[in-house]
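Please look over the sequence and the model shown here, and then follow the explanation below with both in view.

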Amino acid sequence: MTCSTLTPRQHALVIPYPAQGHVIPLLELAHALVDRGFTVTFANSEFNHHRVLAAMADTTKKNGGAGLLAQDRIRLVSVPDGMEPDEDRNNLVRLTVVMAEHMAPRVEDLIRRSHGDDADDAGPITCMVADYNVGTWALDVARRIGIKSAAIWPASAAVLASLLSIHELIKDGIIDSNDGSALKQGTFQLSPDMPVMQTAHLAWNCIGNHEGQEALFRYLIGGIHAVESCDFILCNSFHGAEEGTFARFPKVVPIGPLLTGERAPGKALVGHFWRPEDDACISWLDAQPARSVVYVAFGSFTMFDTRQFRELALGLELCGRQAVPLGGAPGHRPRASGRGMVVAWSPQQRVLAHPAVACFVSHCGWNSTMEGVRNGVPFLAWPYFADQFVNQGYICDTWKVGLRAEADGSGVITKEHIAGRVGELMSDAGMRERVEAMKKVALESVMEGGSSRDNFDMFVEAMKA
């Protein structure tokens, strides 16, 4: 179906939270909407908009002039986030609070102008899909204007469930009502069929140094109220991965795993901030034996001190494997470079799908978790912040498709531990069987007749009505 077959043409405004791990899945969702006949306006923060355009330009040049965005399918627009050009946008607490004040009126103006006499050919915006993390203000804009709206949570349903349960956690004396800090150290379960969670690992307590914590917590409480009035709460997960959570929270609709990074070059913009992906590692992987390679990538936020990075490099060397590619670590090269390859930003989906890859040393970001599962690759789970600790629990305790990277008494994950864990992963046939079974369920969920595919089609039809 093409946009021209719809009367009137449907036009969705998609608003991601301004971080790499949010922009990529929401841009894939935008492409999925386009596939079903929508026009999409994709509203990035001004800062990230320029990064995406720069990465696009480099990728287009690399591909000999082949562009990655069909201009009549998705429009990229920018909205100022309210921060100064030189401010640290890795300060997620400040970014979250400041952008609510500055972006809301500009997004409202964008929607109203699309309904005015001087609107462009894209037509009036008829619905909004907003990242849950901007939903506190974005969904309120949609409600005031009177267009349909959906919140999309790009991480695990379990972490979303903890947010939606803030009032319950306060009532039960688990967290403080002022700033959400844990009142007791230990574990809790939102229902018997959901994963056990650590009070210390609640996502809002694992971001930054707790400066501005009260303001962030108030913002999150506002998000709970905002999603109560939207038409859908979507989640980038699948029923088979979090069955207990979806049973406990039936309003949360799984539509994943969104196929980030899988569209053919020249047909989709993947939304990366870094330019461009280094695909030289694919040719290198082609020369390696099957299941001989350890893939290491820690996302866009993880930071190591010199000692920990040295232990990582030496641990990979101790593995004794023929090949050790290291992705997402610009400026560093392990001593095992004769058996490995370092790239600043890898084409992760293609790497994980490669038959040479045996295991994935990961920060447990949700996109990476879903990509590893979708490709049947076991994990060495090494979380850094936010939701990644909960994802580690899923990987190691619930799904049993990976092992924990555990620090010693000084807080360092040693080279001996890394090498030992990799050896266990490489030799554990049962773990390989479990992750292959999860791969099958994940892929079936997004195929014709699969639960996530059916959910997304239902959502699309409701937004068109």
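Predicted model: local features only at pLDDT ≥ 70, side-chain atom pairs only at ≥ 80, totals over all residues.

**A pair in a helix, and the fold around it**

Glu444 and Lys440 form a salt bridge in which the closest N and O atoms are 2.7 Å apart, a salt bridge being a side-chain nitrogen of Lys or Arg within 4 Å of a carboxyl oxygen of Asp or Glu. Both residues belong to helix α15 (residues 429-445), where they are 4 residues apart, about one turn of the helix. An α-helix has 3.6 residues a turn, so residues three or four places apart point the same way. Glu444 is partly exposed, with a relative accessible area of 38%, while Lys440 counts as exposed at 51%; here buried means under 20% relative accessible area, exposed over 50% and partly exposed in between, with a 1.4 Å probe and protein chains only.

Residues are numbered from 1 along each chain as its sequence is written, and side-chain values use heavy atoms, with hydrogens and water left out.

The secondary structure of the protein chain comes to 16 helices and 15 strands, these being DSSP runs numbered from the N terminus, with helices (H or I) of at least four residues and strands (E) of at least two. Of the 465 residues in the protein chain, 57% are buried. Among the contacts with a separation of 6 or more, 68% are between residues 24 or more positions apart, where contact means heavy atoms within 4.5 Å.

A sheet gives the next point of orientation. Its 7 strands form an open sheet with parallel pairing, in the order β3-β2-β1-β4-β5-β8-β9, and two strands count as paired if DSSP finds at least two bridges between them. At the edges stand β3 (74-79) and β9 (252-254), each with a single partner strand, so one side of each is left without a neighbour in the sheet. From one strand to the next the twist averages 25 degrees, with axes taken as lines fitted to C-alpha atoms, for helices over the stretch in contact, and angles running from 0 to 180 degrees between N-to-C directions.

Within this sheet, strand β4 (residues 127-131) pairs with strand β5 (residues 148-153) in the parallel sense over 5 bridges. Val129 has Ala150 in β5 as its bridge partner, and Ala130 stands opposite Ala151 in β5. Helix α5 (residues 157-164) packs on the sheet and touches β5, β8 (232-235) and β9, its direction making about 115 degrees with that of β5. Strand β5 is mostly covered, as 5 of its 6 residues are buried.

Helix α7 (residues 213-227) can be traced next. Its 15 residues reach 21 Å from the first C-alpha to the last, close to the 21 Å expected at 1.5 Å a residue, the expected span being 1.5 Å times one less than the number of residues. Among the buried residues of α7 are Leu216, Phe217, Tyr219 and Leu220, and what covers its buried residues includes α3 (92-114), α4, β5, α5, α6 (166-171) and β8.

Another helix, α13 (residues 388-398), has 8 of its 11 residues buried, so it is largely enclosed by the rest of the structure. The buried residues of α13 include Gln388, Val390, Tyr394 and Cys396, and their cover includes α5, β7 (197-198), α8 (243-248), α12 (366-374), β14 (379-381) and β15 (402-404). After α13 comes Lys400, whose phi is positive, near 60 degrees.

Returning to charged pairs, the structure holds 18 salt bridges. Asp140 forms one with Arg143, their closest N and O atoms being 2.4 Å apart, and both lie in helix α4 (residues 135-145), 3 residues apart, about one turn of the helix. Asp140 counts as partly exposed at 25% relative accessibility, and Arg143 counts as partly exposed at 49%. A further salt bridge joins Glu406 and Arg421, with the closest N and O atoms 3.3 Å apart. Glu406 lies in the loop between β15 and α14 (415-427) and Arg421 in helix α14, so the pair ties together parts that are 15 residues apart in sequence. Glu406 counts as partly exposed at 41% relative accessibility, whereas Arg421, at 16%, counts as buried.
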